[in-house]
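Reader: I'm new to this one. Can you walk me through it?

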Amino acid sequence: MIVFGGTGDGDRLAVAVTDGRVFRLRDADYLDGVYRGPGVTVVGAGLAEFLERLVAAAEGFAADGRARDL
C-alpha cells in the first residue's frame, strides 16, 4: 500500500498497489509490512470511486453542514 493522505484525525488513506483499492487505516497496526486490524476498511474500489465519494461528502457538507463518512 501507498499512503497518500489522512483525514486530519489520525486515519490514513492508502491505495493498494496490487489492485488499486483505496483503504482507510483507522486503528490499524503495521506489522511485517502489512496493515492489519479492525480499522482497515475499503473506501473505494479505485481512486476514481474514492474521489467521487469524497466529492459527494463535501457537497453534502456544503449543503447542510453535516459531516458524512466516506
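This is a predicted model: local features need pLDDT of at least 70, side-chain atom pairs count only at pLDDT 80 or more; totals for chains, interfaces and linings use all residues.

Reader: How many salt bridges does the structure hold?

Author: It holds 5 salt bridges. A salt bridge is a side-chain nitrogen of Lys or Arg within 4 Å of a carboxyl oxygen of Asp or Glu.

Reader: Which residue does Asp-19 meet in a salt bridge?

Author: Arg-21, at 2.7 Å from N to O.

Reader: Is Asp-19 buried, exposed or partly exposed?

Author: Asp-19 is partly exposed, at 41% relative accessible area. Arg-21 is partly exposed too, at 34%. Buried means under 20% relative accessible area, exposed over 50%, and partly exposed in between (1.4 Å probe, protein chains only).

Reader: What does Asp-64 pair with?

Author: Asp-64 forms a salt bridge with Arg-68, with closest N and O atoms 2.7 Å apart. Asp-64 also forms one with Arg-66, at 3.3 Å. Shared partners join Asp-64, Arg-66 and Arg-68 into one network.

Reader: And how exposed is Arg-66?

Author: Arg-66 is exposed, with 54% relative accessible area. Asp-64 is partly exposed at 39%, and so is Arg-68 at 34%.

Reader: New topic. How much space lies in the largest pocket?

Author: About 170 Å³. On a 1 Å grid over the protein atoms alone, a pocket is an open set of points with protein on both sides within 12 Å along at least five of seven lines; lining residues have an atom within 4 Å of a point. The volume is the space filled by probe spheres set on the points, which are joined across faces, edges and corners.

Reader: What lines the largest pocket?

Author: 14 residues, with Thr-7, Leu-54, Arg-68, Asp-69 and Leu-70 nearest its centre. The lining divides into 6 nonpolar, 1 polar and 7 charged residues.

Reader: Last one. Where does Asp-11 lie?

Author: In the loop between β1 (2-6) and β2 (12-15). Strands are DSSP runs (E, at least two residues), numbered from the N terminus. Asp-11 counts as buried, at 8% relative accessibility.

Reader: Which residues does Asp-11 touch?

Author: Gly-5, Gly-6, Arg-24, Leu-25 and Arg-26, not counting residues up to four places away in sequence. Touching here means heavy atoms within 4.5 Å.

Terms used
Residues are numbered from 1 along each chain as its sequence is written. Side-chain values use heavy atoms; hydrogens and water are left out. On a 1 Å grid over the protein atoms alone, a cavity is a set of points where a 1.4 Å probe fits but cannot get out, and a pocket is an open set with protein on both sides within 12 Å along at least five of seven lines; lining residues have an atom within 4 Å of a point. Ala, Val, Leu, Ile, Met, Phe, Trp, Tyr, Cys and Pro count as nonpolar, Asp, Glu, Lys and Arg as charged, and the others, Gly among them, as polar. Helices (H or I, at least four residues) and strands (E, at least two) are DSSP runs, numbered from the N terminus.
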